[in-house]
Amino acid sequence: MSSNPSMVKKWLDPEAKPFLEFRGVTKSFDGIPAVRDVNLAIYQNELFCLLGGSGSGKTTLLRILAGFESPTEGSVWIDGVDITNVPAYERPVNMMFQSYALFPHMSVFDNVAYGLKRDGLPKSEIAVRVSELLELVRLSAFANRKPDQLSGGQRQRVALARALAKRPKVLLLDEPLGALDKNLREDTQLELIKIQESLGMTFIVVTHDQEEAMTLATRIGVMDEGYLVQTDEPHTIYEYPNSAYVADFIGDINLFECVVTDNEAGELSLYASQLDTAIELDGPVTGAVNQTLWYAVRPEKMRLTRDPSDAVNALKGVVHEIAYLGDFSVYWVDLDCGPRVRVSRPNISRLDDFAEAWGEEVWITWDGSAGVVLSQ
Amino acid sequence: MKLSRYTFPVMASVGFGFLYFPILILVIYSFNESKLVTVWGGFSARWYLELFQDPQILDAATLSLQIAAVSATIALILGVAAAMTLVRFRWFRARTWLAGMAAAPLVMPEVITGLSLLLLFVALDHWLGWPSGRGVTTIILAHATFGMAFVTVIVQARLRDMDRTLEEAAMDLGARPMTVFLTVTLPTIAPALVAAWLLAFTLSLDDLVIASFVSGPGSSTLPMVVFSKVRLGISPDINALATLMILIVGLGGVVGFWQMRRSINRRPV
């Protein structure tokens, strides 16, 4: 689901021409930078997610693309054309607003028709296209309603239809599913992917919800304090985060500070001072002797056991707390050497061995390939 | 002093009574048969009939309504322009000055406004030859000037509340700034525009002081006629006239208030 199988991964092809580009874009408000030196290339038919906490600059970046803010430095390119100084009403992009921004004095039909009227299309053609769009978002019966007579989910679909009406080259979606409840949200996510694939548009979605980004995106750009810190496919972002910030922001993670003790022919030896133990690694990692690094392991890649005899990495601790979440349980274990770690454990059996292990002494084990080493 | 839970309602009742009781008396006595204003002589509508046969009053009323309608319309156009500038202007220091200047006529004593406008009109007449003499034109200009201040304040408040993303959405869909203003901004603030126009209209209708300064021969507004009549002694037909004016102003007030409420309820969704 996370990537469209029919789509070639153009970002892996060095020959591919990006469809949309930010080149060195910086935006400051009264001298305070909101977006800092962002370089980003997005390819045709991508469903790209900008992910970040509040104040990370993701919405500002989207507004720069829509033309509501002009960058302090840098330029924005679409399809080989520099659009940095093109006013919002002449850009080939349309936006679906977080608040939906439906015109309260117009009917659903007139809201969707607004952009087409601005293009001066004949009335008959507008009528045809609006009814097609309303059918696409399953709102044909509501054409004559006013926005305040619709539910949240219906308003959201009107906003989508209105943004799609002009068949823009790029559709921008600002927290498109933020106001919907969980079930509706999951349905709408799948619907969005379907619409994006059938129309062959490039979608750029801003969200603070990592699950949403993982579900929707072909690629994710993680933003923090105005910087674009990592741009990769969802799987890569999760399994190979490039910094402690990304590792911590996407999913849960256990982070340990380590020191490189030996570097023999590219084989690093790591010593985790917090854990008072050496860590066994599989695979190549670069680093200089005495360099401080972060070693990160996701909770689902750690195991609970009472017999650590054949484990590569094993630490002893006491179960502090268990959170039963249905499909899996999260265990907080206080290690004998100090730190508290999270271990998640799928509830495969109804009579789990560790279901009532509060206060029990357990071992935590993980493979050499389970962790990632991060330099920042 | 201990506050009973009746203290404030009682105080409010006394205040409102003081305000509205005389008006009630006036309305009742407008239906008085007697020619003596203070003696009740039975119910009659004769003063209303007499009122509609008095050409001086009818002319003055027509003139006042015309002046009010025209000056309120001019005030609305100028006031909306001023409010847009105040809310959307990016240059903060200038905006503060402008806001102060736009609101000043609200607190300026009418005598000063009237006198300064009179001096202005005399000077303009002397140098430009327009407006020649004092009359309907000068009253309209004067009323538009102070009506604009009220329009600015009302429209400004509504514009400030307005969701800017509506305008951004329109622009995003290809509307140029003028189209955005006409198709999205104006309809969104329409109730406030109605309320502001009605307020400017009623203010013009009952202004005596400024009109007295800038009017000329043959351009007596209704309040001026009433005032001059009262000086010769109160006649019962003035009561009838006052009752009609209360009715008009009251209706305008109710419609204006209702529109304001609508504009508050009609927040963007």
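This is a predicted model: local features need pLDDT of at least 70, side-chain atom pairs count only at pLDDT 80 or more; totals for chains, interfaces and linings use all residues.
Trainee: How many helices and strands does chain A have?
Mentor: Chain A contains eight helices and 20 strands. Its C-alpha trace spans about 75 × 50 × 40 Å along the principal axes.

Trainee: And what is the secondary structure of chain B?
Mentor: Chain B has eleven helices and zero strands. The C-alpha atoms of chain B fill a box of roughly 70 × 65 × 40 Å, again taken along the principal axes.

Trainee: Let us turn to domains. Into what is chain A divided?
Mentor: The assignment gives domain 1 (10-92 + 168-247) and domain 2 (252-374). Five residues from domain 1 of chain A and six residues from domain 2 of chain A take part in the contact between them. On the domain 1 side, four of these residues are nonpolar, one is polar and none is charged.

Trainee: How far apart do the two domain centres lie?
Mentor: The C-alpha centres of domain 1 and domain 2 of chain A lie 34 Å apart.

Trainee: Now the sheet. What is the strand order in the open sheet of six strands?
Mentor: The order is β6-β7-β8-β3-β9-β10 in chain A, and the pairing is mixed. Strands β6 and β10 (227-232) of chain A stand at the edges with a single partner strand each, so one side of each has no neighbour in the sheet. From one strand to the next, the twist averages 20 degrees.

Trainee: In which sense do β3 and β9 of chain A pair?
Mentor: Strand β3 (residues 47-52) and strand β9 (residues 219-224) of chain A pair in the parallel sense, over five bridges. Within that pairing, A:Cys49 has A:Ile220 of β9(A) as its bridge partner.

Trainee: Which helices pack on the sheet?
Mentor: Helix α1 (residues 58-66) of chain A is one of them, touching β3, β6, β7 (170-174), β8 (202-207) and β9 of chain A. The direction of α1 makes about 145 degrees with that of β7(A). Helix α4(A) also packs on the sheet, where it touches β6 and β7 of chain A. The direction of α4(A) makes about 175 degrees with that of β6(A).

Trainee: Changing topic: which residues touch the most other members of the largest nonpolar core?
Mentor: That core has 101 residues, and those touching the most other members are A:Cys49, A:Met96, A:Val112, A:Ala161, A:Leu172, A:Ile204 and B:Ala170. Domain 1 and domain 2 of chain A each contribute at least three residues to this core. There is also a second, separate core of 51 residues, which includes B:Leu86, B:Ile189, B:Val214 and B:Val225.

Trainee: What is A:Met96 in contact with, beyond its sequence neighbours?
Mentor: Leaving aside neighbours within four places in sequence, the contacts of A:Met96 include A:Ala159, A:Leu160, A:Ala163, A:Leu171, A:Leu172 and A:Pro176.

Trainee: How many residues of each chain are in contact across the interface?
Mentor: There are 21 residues of chain A in contact with 19 residues of chain B. On the chain A side, β6 (93-96) and α2 (108-118) each supply at least two residues. Helix α2(A) gives the most, with three residues. By class, the chain A side divides into twelve nonpolar, four polar and five charged residues.

Trainee: Why is α2(A) described as largely enclosed?
Mentor: Eight of its eleven residues are buried, so α2(A) is largely enclosed by the rest of the structure. Among the buried residues are A:Phe109, A:Val112, A:Tyr114 and A:Leu116.

Trainee: What do those buried residues pack against?
Mentor: The buried residues of α2(A) pack against α3 (123-136) and α4 (152-164) of chain A, together with α7 (164-172) of chain B. Just after α2(A), A:Gly120 takes a positive phi of about 70 degrees.

How values were computed: Residues are numbered from 1 along each chain as its sequence is written. Chains are lettered from A and ligands numbered from 1 in the order in which they are written. A nonpolar core is a set of buried Ala, Val, Leu, Ile, Met, Phe, Trp, Tyr and Cys residues joined through C-beta atoms within 7 Å. A residue is buried if 20 or more other C-beta atoms lie within 10 Å of its own, exposed if 12 or fewer, and partly exposed in between; C-beta atoms are placed from the backbone. Domain bounds come from an automatic or database domain assignment. Two residues are in contact if their C-beta atoms, placed from the backbone, lie within 7 Å. Helices (H or I, at least four residues) and strands (E, at least two) are DSSP runs, numbered from the N terminus. Ala, Val, Leu, Ile, Met, Phe, Trp, Tyr, Cys and Pro count as nonpolar, Asp, Glu, Lys and Arg as charged, and the others, Gly among them, as polar. Two strands pair if DSSP finds at least two bridges between them. Axes are lines fitted to C-alpha atoms, for helices over the stretch in contact, and angles run from 0 to 180 degrees between N-to-C directions.
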